[in-house]
Amino acid sequence: MKVVSLEDVLGTEHEVDGGNWISRRLIMKKDNMGYSVNDTIIKAGTETHIWYQNHLESVYCIEGEGEVVTLSDNKVWPIKTNQLYALDKNDEHLLRAKTDMRMVCVFNPALSGLEVHDENGVYPVDDSK
Ligand code: 9YT
C-alpha cells in the first residue's frame with residue numbers, strides 16, 4: 001500500500017515541463033503497477049501534436065475545456081470537465097486546450113516518469129528493468 005500526494009512530486013524530477021504541458025508523475029514504472037498515472041496541466045491556448053505509438057493512454061479531464069483532433073479522419077472531439085478520452089488505437093492527434101485543462105493520464109505500459117515528447121509527439125519504449 002502506498003499513498004502519493006501531489007505535493008510529493010512538485011519541484012522534483014517527476015514534475016516534467018513539456019512546454020505546452022506540465023506533467024506530475026504520480027505512479028511510474030518503478031511502482032510495478034503495470035501502468036502509470038500522471039496529473040497533467042495542459043496550458044490554455046496551446047495545440048500539441050501527440051502520437052503515442054508505443055503506449056495506450058486514457059485521459060480524464062477533471063477541469064477545463066478543449067478538443068482533440070484525430071488525424072486519421074480529421075474528426076474533432078470536444079472535451080470538457082468530467083469527460084475521458086481513450087487513445088485505444090494509438091491515435092495520432094492534436095490536443096487543443098481552450099482553457100487550462102487538468103487531466104488524469106493513465107499509460108500502459110508505464111512511463112519511467114522522466115519522458116518528454118520527441119519531435120513526433122512520441123514517448124520511447126522504456127526497455128529498462
Ligand atoms: C493529455 C496528454 O497526453 N498530455 C501530454 C502529456 C502526457 N499526458 C503526460 O506525460 O502526462
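This is a predicted model: local features need pLDDT of at least 70, side-chain atom pairs count only at pLDDT 80 or more; totals for chains, interfaces and linings use all residues.
Strands are taken as DSSP runs of E with at least two residues, and helices as runs of H or I with at least four, both numbered from the N terminus. Residues are numbered from 1 along each chain as its sequence is written, and side-chain values use heavy atoms, with hydrogens and water left out.

Strand β6 (65-70) pairs with two strands, pairing being assigned if DSSP finds at least two bridges. With β7 (75-80), β6 runs antiparallel and is joined by six bridges. With β9 (residues 93-97), β6 is again antiparallel, over five bridges. Gly66 figures in both pairings: this residue stands opposite Ile79 in β7 and opposite Ala97 in β9. The hairpin of β6 and β7 has four residues between the strands, and Asn74 there takes a positive phi near 55 degrees. In β7, Lys75 lies over the face of Trp77, at 4.1 Å from the ring centre; the criterion is NZ of Lys or CZ of Arg within 6 Å of the ring centre and within 35 degrees of the ring normal.

The largest pocket holds about 210 Å³ of space. A pocket is an open set of points on a 1 Å grid over the protein atoms alone, where a 1.4 Å probe fits, with protein on both sides within 12 Å along at least five of seven lines; lining residues have an atom within 4 Å of a point. Grid points are joined across faces, edges and corners, and the volume is the space filled by probe spheres set on the points. Strands β6, β7 and β8 (83-87) each supply at least two lining residues, and β8 gives the largest share, four residues. The lining includes Val68, Trp77, Ile79, Tyr85 and Asp91. By class, seven lining residues are nonpolar, two polar and three charged.

One aromatic pair was found, under the rule that ring centres of Phe, Tyr or Trp (its six-membered ring) lie within 6.5 Å. The rings of Tyr52 and Phe107 have centres 5.0 Å apart and planes at 80 degrees, so the pair is edge-to-face (over 60 degrees; stacked is under 30, tilted the rest). Tyr52 lies in the loop between β4 (47-50) and β5 (56-63) and Phe107 in β10 (residues 101-108), so the pair ties together parts 55 residues apart in sequence.

How values were computed:
Ala, Val, Leu, Ile, Met, Phe, Trp, Tyr, Cys and Pro count as nonpolar, Asp, Glu, Lys and Arg as charged, and the others, Gly among them, as polar.
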